[in-house]
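Colleague: I have a few questions about this one before I set anything up. Can we go through the model together?
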Amino acid sequence: MNDLLTRRKVLAGLGLAGLAALTGCDTSPKLDFKYGKDLSNKILGRSFKLQDVHGDTYALSSFYGSMPMVFFGFTQCPAICPTTLARAVQIKKLMGRDGDFLKVVFITLDPERDTPQVLEDYVKAFDPTFTALSGTPEQIAATAKEFGVFYEKVPLGDSYTVSHSSTSFVFDSRGRLHLGLSHSLTAKECAEDLLTLMEIC
Amino acid sequence: MLPIRKPLAVLALCAAALPALAQTTVENAWARASVANQHSSGAFMTLTSDTDAKLVAVQSPVAKDVQIHEMKMNGDVMTMGPVSSLDLPAGKAVSLDANGYHVMLMGLVHQLKQGQEVPLTLVIEDAKGNKENLEIKAPVRSLTEGEPEMKHGHVHQ
(Lines give C-alpha, C1' and ligand atoms only; values in the text may rest on other atoms or scores of the structure.)
Protein backbone atom coordinates (compact mmCIF):
# COMPACT_ATOMS: atom_id res chain seq x y z
CA MET A 1 0.00 0.00 0.00
CA ASN A 2 1.49 3.36 -0.91
CA ASP A 3 1.46 6.42 1.30
CA LEU A 4 -1.12 8.27 -0.73
CA LEU A 5 -3.70 5.54 -0.38
CA THR A 6 -3.08 5.27 3.33
CA ARG A 7 -3.50 8.99 3.76
CA ARG A 8 -6.70 8.95 1.78
CA LYS A 9 -8.11 6.21 3.93
CA VAL A 10 -7.24 8.04 7.09
CA LEU A 11 -8.90 11.19 5.81
CA ALA A 12 -12.01 9.30 4.81
CA GLY A 13 -12.16 7.82 8.26
CA LEU A 14 -12.05 11.20 9.92
CA GLY A 15 -15.30 12.24 8.34
CA LEU A 16 -16.35 15.73 7.42
CA ALA A 17 -16.01 17.37 10.82
CA GLY A 18 -12.59 15.93 11.35
CA LEU A 19 -11.50 16.98 7.89
CA ALA A 20 -12.54 20.55 8.49
CA ALA A 21 -10.62 20.62 11.76
CA LEU A 22 -7.59 19.09 10.13
CA THR A 23 -7.40 21.46 7.20
CA GLY A 24 -8.72 24.56 8.97
CA CYS A 25 -7.26 27.68 7.44
CA ASP A 26 -3.94 26.03 6.67
CA THR A 27 -4.71 25.02 3.13
CA SER A 28 -5.47 27.49 0.39
CA PRO A 29 -8.21 25.88 -1.62
CA LYS A 30 -9.54 27.82 -4.59
CA LEU A 31 -12.57 29.64 -3.27
CA ASP A 32 -15.40 29.96 -5.68
CA PHE A 33 -16.74 33.49 -5.11
CA LYS A 34 -19.81 34.19 -7.16
CA TYR A 35 -19.94 37.97 -6.93
CA GLY A 36 -16.86 39.41 -5.27
CA LYS A 37 -13.31 39.63 -6.55
CA ASP A 38 -10.93 36.89 -5.46
CA LEU A 39 -8.01 38.79 -3.90
CA SER A 40 -6.32 35.70 -2.43
CA ASN A 41 -3.15 36.37 -4.41
CA LYS A 42 -2.84 39.95 -3.12
CA ILE A 43 -1.09 41.02 0.04
CA LEU A 44 -2.74 44.16 1.32
CA GLY A 45 -3.26 45.82 4.67
CA ARG A 46 -0.67 43.80 6.55
CA SER A 47 1.00 46.52 8.58
CA PHE A 48 -1.49 49.28 9.35
CA LYS A 49 -1.77 50.55 12.91
CA LEU A 50 -4.66 52.88 13.67
CA GLN A 51 -6.57 54.05 16.72
CA ASP A 52 -10.14 53.89 17.89
CA VAL A 53 -11.85 56.62 19.91
CA HIS A 54 -10.32 55.34 23.15
CA GLY A 55 -6.81 55.56 21.75
CA ASP A 56 -6.47 51.78 21.52
CA THR A 57 -4.29 50.70 18.64
CA TYR A 58 -5.60 48.21 16.11
CA ALA A 59 -3.68 46.21 13.54
CA LEU A 60 -4.87 43.42 11.27
CA SER A 61 -3.78 40.96 13.96
CA SER A 62 -6.34 42.53 16.35
CA PHE A 63 -8.98 40.78 14.28
CA TYR A 64 -7.42 37.32 14.18
CA GLY A 65 -10.01 34.70 14.97
CA SER A 66 -12.76 36.61 13.20
CA MET A 67 -13.47 37.62 9.63
CA PRO A 68 -12.68 41.33 9.27
CA MET A 69 -14.36 43.33 6.50
CA VAL A 70 -12.47 46.59 6.07
CA PHE A 71 -13.60 49.61 4.10
CA PHE A 72 -12.85 53.29 3.83
CA GLY A 73 -14.95 56.42 3.82
CA PHE A 74 -15.79 59.61 5.68
CA THR A 75 -18.75 60.75 7.74
CA GLN A 76 -19.66 63.69 5.51
CA CYS A 77 -20.28 61.33 2.62
CA PRO A 78 -24.04 61.34 2.04
CA ALA A 79 -24.40 58.40 -0.29
CA ILE A 80 -21.93 55.58 -0.66
CA CYS A 81 -20.55 55.41 2.90
CA PRO A 82 -23.89 55.16 4.71
CA THR A 83 -25.18 52.68 2.14
CA THR A 84 -22.05 50.53 2.51
CA LEU A 85 -22.40 50.64 6.31
CA ALA A 86 -26.14 49.90 6.05
CA ARG A 87 -25.31 47.03 3.72
CA ALA A 88 -22.88 45.66 6.31
CA VAL A 89 -25.71 45.70 8.88
CA GLN A 90 -27.90 43.81 6.44
CA ILE A 91 -25.12 41.32 5.57
CA LYS A 92 -24.68 40.46 9.25
CA LYS A 93 -28.40 39.76 9.56
CA LEU A 94 -28.46 37.64 6.42
CA MET A 95 -25.54 35.55 7.70
CA GLY A 96 -27.56 34.59 10.75
CA ARG A 97 -25.49 33.17 13.59
CA ASP A 98 -22.37 33.29 11.41
CA GLY A 99 -22.79 37.07 11.25
CA ASP A 100 -21.10 37.39 14.64
CA PHE A 101 -17.92 36.11 13.03
CA LEU A 102 -17.84 39.11 10.70
CA LYS A 103 -16.04 42.14 12.13
CA VAL A 104 -16.84 45.35 10.30
CA VAL A 105 -14.02 47.92 10.29
CA PHE A 106 -14.53 51.44 8.94
CA ILE A 107 -11.43 53.56 8.35
CA THR A 108 -11.84 57.30 7.82
CA LEU A 109 -10.18 58.97 4.85
CA ASP A 110 -10.91 62.39 6.31
CA PRO A 111 -9.05 62.40 9.65
CA GLU A 112 -8.89 66.21 9.73
CA ARG A 113 -12.68 66.59 9.92
CA ASP A 114 -13.75 63.22 11.31
CA THR A 115 -12.85 63.70 14.93
CA PRO A 116 -12.56 60.36 16.76
CA GLN A 117 -15.84 61.05 18.61
CA VAL A 118 -17.90 61.96 15.51
CA LEU A 119 -16.45 58.97 13.69
CA GLU A 120 -17.25 56.65 16.59
CA ASP A 121 -20.82 57.99 17.00
CA TYR A 122 -21.43 57.71 13.27
CA VAL A 123 -20.19 54.15 12.84
CA LYS A 124 -21.79 52.86 16.07
CA ALA A 125 -25.11 54.35 14.99
CA PHE A 126 -25.19 51.61 12.38
CA ASP A 127 -24.12 48.80 14.67
CA PRO A 128 -22.39 49.07 18.05
CA THR A 129 -20.15 46.11 17.19
CA PHE A 130 -18.56 47.93 14.24
CA THR A 131 -15.05 49.32 14.72
CA ALA A 132 -14.17 52.87 13.63
CA LEU A 133 -10.49 53.63 13.10
CA SER A 134 -8.58 56.82 12.50
CA GLY A 135 -5.06 58.12 12.69
CA THR A 136 -2.92 61.05 11.69
CA PRO A 137 -3.28 62.16 8.06
CA GLU A 138 0.09 60.47 7.44
CA GLN A 139 -1.04 57.18 9.01
CA ILE A 140 -4.26 57.27 6.98
CA ALA A 141 -2.30 57.95 3.78
CA ALA A 142 0.03 55.04 4.51
CA THR A 143 -2.90 52.73 5.30
CA ALA A 144 -4.79 53.67 2.13
CA LYS A 145 -1.59 53.09 0.16
CA GLU A 146 -1.04 49.62 1.54
CA PHE A 147 -4.65 48.71 0.69
CA GLY A 148 -4.32 50.20 -2.78
CA VAL A 149 -7.17 52.56 -1.91
CA PHE A 150 -7.37 55.75 -3.94
CA TYR A 151 -8.66 58.93 -2.29
CA GLU A 152 -8.40 62.62 -2.95
CA LYS A 153 -9.87 65.82 -1.62
CA VAL A 154 -12.08 67.63 -4.09
CA PRO A 155 -12.66 71.34 -3.36
CA LEU A 156 -16.28 72.30 -2.84
CA GLY A 157 -16.89 75.99 -2.25
CA ASP A 158 -14.96 76.83 0.91
CA SER A 159 -15.07 73.17 1.91
CA TYR A 160 -14.16 69.89 0.26
CA THR A 161 -15.45 66.41 -0.37
CA VAL A 162 -13.46 63.20 -0.75
CA SER A 163 -13.45 60.94 -3.78
CA HIS A 164 -12.47 57.43 -2.81
CA SER A 165 -12.36 53.73 -3.66
CA SER A 166 -15.42 51.87 -2.45
CA THR A 167 -14.26 48.24 -2.20
CA SER A 168 -14.73 46.30 1.05
CA PHE A 169 -11.76 44.02 1.82
CA VAL A 170 -12.40 40.73 3.60
CA PHE A 171 -9.72 38.73 5.43
CA ASP A 172 -9.86 35.25 6.90
CA SER A 173 -9.40 34.46 10.59
CA ARG A 174 -5.62 34.47 10.22
CA GLY A 175 -5.42 37.80 8.46
CA ARG A 176 -5.09 36.57 4.92
CA LEU A 177 -6.87 38.65 2.32
CA HIS A 178 -9.40 36.77 0.19
CA LEU A 179 -12.26 38.85 -1.06
CA GLY A 180 -13.03 42.29 -2.48
CA LEU A 181 -16.68 43.32 -2.41
CA SER A 182 -17.70 46.07 -4.79
CA HIS A 183 -20.10 48.81 -3.76
CA SER A 184 -22.55 47.65 -6.43
CA LEU A 185 -23.18 44.25 -4.86
CA THR A 186 -26.29 43.67 -2.79
CA ALA A 187 -26.19 42.52 0.83
CA LYS A 188 -27.45 39.11 -0.26
CA GLU A 189 -24.66 38.71 -2.85
CA CYS A 190 -22.05 39.75 -0.29
CA ALA A 191 -23.46 37.40 2.36
CA GLU A 192 -23.30 34.49 -0.05
CA ASP A 193 -19.61 35.07 -0.83
CA LEU A 194 -18.81 35.63 2.85
CA LEU A 195 -20.39 32.30 3.74
CA THR A 196 -18.20 30.72 1.03
CA LEU A 197 -15.15 32.28 2.66
CA MET A 198 -16.26 31.01 6.07
CA GLU A 199 -15.94 27.45 4.81
CA ILE A 200 -12.17 27.72 5.22
CA CYS A 201 -12.19 29.64 8.49
CA MET B 1 -71.01 52.76 1.29
CA LEU B 2 -69.32 55.20 3.62
CA PRO B 3 -65.84 53.62 3.47
CA ILE B 4 -65.92 53.92 -0.32
CA ARG B 5 -67.38 57.38 -0.60
CA LYS B 6 -64.81 58.94 1.70
CA PRO B 7 -61.68 58.05 -0.26
CA LEU B 8 -63.42 59.13 -3.44
CA ALA B 9 -64.14 62.50 -1.96
CA VAL B 10 -60.51 62.84 -0.91
CA LEU B 11 -59.31 61.82 -4.36
CA ALA B 12 -61.58 64.38 -5.98
CA LEU B 13 -60.17 67.05 -3.71
CA CYS B 14 -56.60 66.10 -4.58
CA ALA B 15 -57.31 66.07 -8.27
CA ALA B 16 -58.82 69.52 -8.04
CA ALA B 17 -56.03 70.89 -5.90
CA LEU B 18 -52.94 69.49 -7.65
CA PRO B 19 -52.83 71.40 -10.94
CA ALA B 20 -53.45 74.66 -9.15
CA LEU B 21 -50.68 74.10 -6.60
CA ALA B 22 -47.74 72.84 -8.58
CA GLN B 23 -46.76 71.00 -11.68
CA THR B 24 -44.12 69.01 -9.89
CA THR B 25 -44.97 66.27 -7.46
CA VAL B 26 -42.57 65.18 -4.76
CA GLU B 27 -42.73 61.67 -3.42
CA ASN B 28 -40.94 59.82 -0.69
CA ALA B 29 -38.84 62.78 0.46
CA TRP B 30 -36.55 62.11 3.41
CA ALA B 31 -33.33 63.30 4.98
CA ARG B 32 -30.69 61.12 6.56
CA ALA B 33 -30.17 61.45 10.30
CA SER B 34 -26.81 62.77 11.48
CA VAL B 35 -24.82 62.20 14.65
CA ALA B 36 -23.80 65.05 16.96
CA ASN B 37 -21.27 67.41 15.35
CA GLN B 38 -21.53 65.79 11.95
CA HIS B 39 -21.31 68.64 9.45
CA SER B 40 -23.35 67.38 6.56
CA SER B 41 -26.04 65.00 5.46
CA GLY B 42 -28.20 64.27 2.45
CA ALA B 43 -31.84 64.56 1.39
CA PHE B 44 -33.53 62.25 -1.09
CA MET B 45 -36.83 62.17 -2.99
CA THR B 46 -38.51 61.38 -6.28
CA LEU B 47 -39.60 64.32 -8.44
CA THR B 48 -42.07 64.19 -11.32
CA SER B 49 -42.89 67.28 -13.36
CA ASP B 50 -45.92 67.55 -15.68
CA THR B 51 -43.94 69.60 -18.16
CA ASP B 52 -40.23 69.81 -19.00
CA ALA B 53 -38.58 71.59 -16.10
CA LYS B 54 -35.49 71.50 -13.98
CA LEU B 55 -34.55 71.66 -10.34
CA VAL B 56 -32.20 74.63 -10.12
CA ALA B 57 -31.73 75.10 -6.38
CA VAL B 58 -32.69 73.82 -2.98
CA GLN B 59 -32.77 75.84 0.23
CA SER B 60 -33.15 74.75 3.82
CA PRO B 61 -32.89 76.43 7.21
CA VAL B 62 -31.09 73.36 8.64
CA ALA B 63 -27.93 73.87 6.58
CA LYS B 64 -25.69 76.82 5.72
CA ASP B 65 -25.22 75.60 2.18
CA VAL B 66 -27.50 73.33 0.17
CA GLN B 67 -26.35 71.92 -3.15
CA ILE B 68 -27.62 69.49 -5.75
CA HIS B 69 -24.96 66.80 -6.08
CA GLU B 70 -24.26 64.00 -8.43
CA MET B 71 -22.48 60.86 -7.29
CA LYS B 72 -20.55 59.07 -10.00
CA MET B 73 -18.65 55.82 -10.01
CA ASN B 74 -15.44 55.83 -11.99
CA GLY B 75 -14.59 52.15 -11.80
CA ASP B 76 -14.27 51.53 -8.08
CA VAL B 77 -13.86 55.19 -7.19
CA MET B 78 -16.78 57.27 -5.96
CA THR B 79 -16.73 60.94 -6.84
CA MET B 80 -19.25 63.54 -5.87
CA GLY B 81 -19.80 67.07 -7.00
CA PRO B 82 -22.34 69.84 -7.48
CA VAL B 83 -24.45 70.21 -10.62
CA SER B 84 -26.02 73.52 -11.65
CA SER B 85 -29.41 71.92 -12.26
CA LEU B 86 -31.21 68.61 -12.55
CA ASP B 87 -33.44 67.99 -15.58
CA LEU B 88 -37.01 66.92 -14.91
CA PRO B 89 -38.36 65.68 -18.26
CA ALA B 90 -42.16 65.85 -18.55
CA GLY B 91 -43.87 62.92 -16.88
CA LYS B 92 -40.64 61.16 -15.91
CA ALA B 93 -40.01 60.24 -12.28
CA VAL B 94 -36.51 61.45 -11.40
CA SER B 95 -34.99 59.84 -8.33
CA LEU B 96 -32.66 61.56 -5.96
CA ASP B 97 -31.23 58.58 -4.12
CA ALA B 98 -27.98 57.19 -2.79
CA ASN B 99 -26.94 55.99 -6.25
CA GLY B 100 -27.05 59.19 -8.26
CA TYR B 101 -28.30 62.69 -7.51
CA HIS B 102 -29.01 63.90 -4.03
CA VAL B 103 -29.50 67.10 -2.10
CA MET B 104 -26.40 67.81 -0.05
CA LEU B 105 -27.02 69.59 3.23
CA MET B 106 -23.69 71.20 4.12
CA GLY B 107 -22.89 72.97 7.37
CA LEU B 108 -25.76 71.56 9.41
CA VAL B 109 -26.95 74.07 11.99
CA HIS B 110 -28.17 71.27 14.26
CA GLN B 111 -28.16 67.51 14.47
CA LEU B 112 -30.84 65.80 12.38
CA LYS B 113 -32.70 63.33 14.51
CA GLN B 114 -35.18 60.69 13.54
CA GLY B 115 -38.73 61.96 13.89
CA GLN B 116 -37.83 65.55 12.96
CA GLU B 117 -38.77 67.14 9.66
CA VAL B 118 -36.41 69.08 7.44
CA PRO B 119 -38.06 71.98 5.60
CA LEU B 120 -36.81 72.19 2.02
CA THR B 121 -37.58 74.77 -0.64
CA LEU B 122 -37.20 73.31 -4.12
CA VAL B 123 -36.71 75.92 -6.81
CA ILE B 124 -38.12 74.56 -10.07
CA GLU B 125 -37.67 76.33 -13.38
CA ASP B 126 -39.98 75.53 -16.32
CA ALA B 127 -39.00 75.58 -19.98
CA LYS B 128 -39.92 79.28 -20.25
CA GLY B 129 -37.63 80.20 -17.40
CA ASN B 130 -40.39 80.78 -14.84
CA LYS B 131 -39.30 79.85 -11.38
CA GLU B 132 -41.55 78.34 -8.77
CA ASN B 133 -40.81 77.50 -5.15
CA LEU B 134 -42.04 74.22 -3.83
CA GLU B 135 -42.06 73.95 -0.06
CA ILE B 136 -41.79 70.44 1.34
CA LYS B 137 -40.98 68.80 4.64
CA ALA B 138 -38.70 65.80 4.53
CA PRO B 139 -38.97 63.47 7.51
CA VAL B 140 -35.64 62.48 9.04
CA ARG B 141 -35.00 58.77 8.71
CA SER B 142 -32.37 56.68 10.45
CA LEU B 143 -28.76 56.66 9.31
CA THR B 144 -29.15 53.10 8.10
CA GLU B 145 -31.94 53.99 5.69
CA GLY B 146 -31.51 53.72 1.95
CA GLU B 147 -29.90 50.36 1.36
CA PRO B 148 -31.38 49.76 -2.11
CA GLU B 149 -32.08 46.11 -1.44
CA MET B 150 -34.10 46.93 1.64
CA LYS B 151 -36.01 49.73 -0.01
CA HIS B 152 -37.24 47.93 -3.09
CA GLY B 153 -37.06 44.38 -1.86
CA HIS B 154 -35.61 43.19 -5.14
CA VAL B 155 -33.16 40.33 -5.45
CA HIS B 156 -30.37 40.19 -8.00
CA GLN B 157 -30.00 36.78 -9.57
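**Notes on the model**

Modeller: Fine. Keep in mind that this is a predicted model. In chain A, of the contacts between residues at least 6 apart in sequence, 71% join residues at least 24 apart.

Colleague: How many helices and strands does chain A have?

Modeller: Chain A has five helices and 10 strands.

Colleague: And what share of chain A is buried?

Modeller: Buried residues account for 44% of the 201 residues in chain A.

Colleague: On to the core. Which residues touch the most other members of the largest nonpolar core?

Modeller: That core holds 86 residues, and those touching the most other members are A:Met69, A:Phe106, A:Val170, A:Leu194, B:Ala43 and B:Leu105. Helix H2 of chain A, residues 80-94, gives the most to this core, with seven residues.

Colleague: What is A:Met69 in contact with, leaving aside its neighbours within four places in sequence?

Modeller: A:Met69 is then in contact with A:Ala88, A:Leu102, A:Val104, A:Val105, A:Ser168 and A:Val170. A:Val170 is also among the core residues that touch the most other members.

Colleague: Where does A:Phe101 lie?

Modeller: In the loop between H2 and strand E5 (102-108) of chain A.

Colleague: Why does A:Phe101 count as partly exposed?

Modeller: Because A:Phe101 has 17 C-beta neighbours inside 10 Å, and a residue needs 20 or more to be buried and 12 or fewer to be exposed.

Colleague: What does A:Phe101 touch, not counting residues up to four places away in sequence?

Modeller: A:Ser66, A:Met67 and A:Met198.

Colleague: How many Å apart are A:Phe101 and A:Thr136?

Modeller: They are 29 Å apart in space, C-alpha to C-alpha, and 35 residues apart in sequence.

Colleague: Changing topic to the two chains. How many residues does the contact take from each chain?

Modeller: The contact takes 33 residues from chain A and 30 residues from chain B. On the chain B side, the elements giving two or more residues are strands E2 (40-49), E4 (63-74), E5 (77-82) and E8 (101-108), plus helix H2 (148-152).

Colleague: Which element gives the most to that side of chain B?

Modeller: E5(B), with six residues. By type, the chain B residues that touch chain A divide into 13 nonpolar, 12 polar and five charged.

Colleague: Which strand of chain A is joined to E5(B), and how do the two run?

Modeller: Strand E8 of chain A, residues 159-165, is joined to E5(B) by two bridges, and the strands run antiparallel. In this pairing, A:Ser165 stands opposite B:Val77.

Notes
Residues are numbered from 1 along each chain as its sequence is written. Chains are lettered from A and ligands numbered from 1 in the order in which they are written. This is a predicted model: local features need pLDDT of at least 70, side-chain atom pairs count only at pLDDT 80 or more; totals for chains, interfaces and linings use all residues. Two residues are in contact if their C-beta atoms, placed from the backbone, lie within 7 Å. Helices (H or I, at least four residues) and strands (E, at least two) are DSSP runs, numbered from the N terminus. Ala, Val, Leu, Ile, Met, Phe, Trp, Tyr, Cys and Pro count as nonpolar, Asp, Glu, Lys and Arg as charged, and the others, Gly among them, as polar. Two strands pair if DSSP finds at least two bridges between them. A nonpolar core is a set of buried Ala, Val, Leu, Ile, Met, Phe, Trp, Tyr and Cys residues joined through C-beta atoms within 7 Å.
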